[in-house]
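Let's take a friendly walk through a protein model. Have a look at the sequence and the structure first, then read on.

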Amino acid sequence: MTTPNKTPPGADPKQLERTGTVREIGSQAVWSLSSCKPGFGVDQLRDDNLETYWQSDGSQPHLVNIQFRRKTTVKTLCIYADYKSDESYTPSKISVRVGNNFHNLQEIRDACGSFIRRELGPMEQNDPS
């Protein structure tokens, strides 16, 4: 997750962070998963290594829940998915939902690609999840 923008879609968020274009705020949140295989959990999902990943271990839907302790403005969400490396496990649909709690989440985007960079509009920025 990042803030500020003005970069082309698909840009590497780590490079953008080094140049001061964005700021990673995921460490301010509590992350949870619907399921995971041992050794393929939140730590691997967030470790900045494109060779490691989260692998679910349960029935669909597979969920990543990101909760901030206080109301937080999120302007951009970056997700890395690599269909060429592992088409059988790469999602065909990614649904992003925002809200003030788990019971009022609203879908804002469906996407899938390499680095997916989603600019959030003003209303979406006020209801992060």
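## A pair of rings

In this predicted model, the count of aromatic pairs comes to 1. The partners are Phe40 and Tyr53, and their arrangement is tilted: the rings sit 5.2 Å apart, centre to centre, with 35° between the planes. Phe40 belongs to the loop between strand 1 and helix 2, while Tyr53 belongs to the loop between helix 2 and strand 2, so the pair ties together parts that are 13 residues apart in sequence.

## A glutamine tucked away

Now look at Gln55, which is in the loop between helix 2 (42–45) and strand 2 (64–68). Is Gln55 buried or exposed? Its relative accessible area is 13%, so Gln55 counts as buried, the cut-off being under 20%.

Which residues does Gln55 touch, once neighbours within four places in sequence are left aside? They are Ser35, Cys36, Lys37, Phe40 and Tyr89.

Side chains of opposite charge can pair when their charged atoms come close.

Glu24 is partly exposed, with a relative accessible area of 24%, and Arg46 is partly exposed at 27%.

## The nonpolar cores

The largest nonpolar core has 6 residues: Ile25, Ala29, Trp31, Ile66, Phe68 and Val74. Strand 1 (29–33) and strand 2 are the elements that give two or more residues to this core. Apart from it lies another core, of 5 residues, including Leu77, Val96, Val98 and Ile108. In soluble globular proteins, nonpolar side chains tend to be buried together.

Zoom in on Ala29: beyond its neighbours within four places in sequence, Ala29 is in contact with Ile66, Gln67 and Phe68.

## A phenylalanine on the outside

Phe102 is in the loop between strand 4 (94–98) and strand 5 (106–111). With a relative accessible area of 55%, Phe102 is exposed. Phe102 and Gln67 are 35 residues apart in sequence, and their C-alpha atoms are 9.3 Å apart in space.

Note on methods:
Residues numbered from 1 in each chain as written. Predicted model: local features only at pLDDT ≥ 70, side-chain atom pairs only at ≥ 80, totals over all residues. Heavy atoms only, no water. Helix = DSSP H or I, 4+ residues; strand = E, 2+ residues; numbered from the N terminus. Buried < 20%, exposed > 50% of the residue type's maximum accessible area, 1.4 Å probe, protein only. Contact = heavy atoms within 4.5 Å. Core = buried A, V, L, I, M, F, W, Y, C linked by side-chain atoms within 4.5 Å. Phe/Tyr/Trp six-rings, centres within 6.5 Å; stacked < 30°, edge-to-face > 60°.
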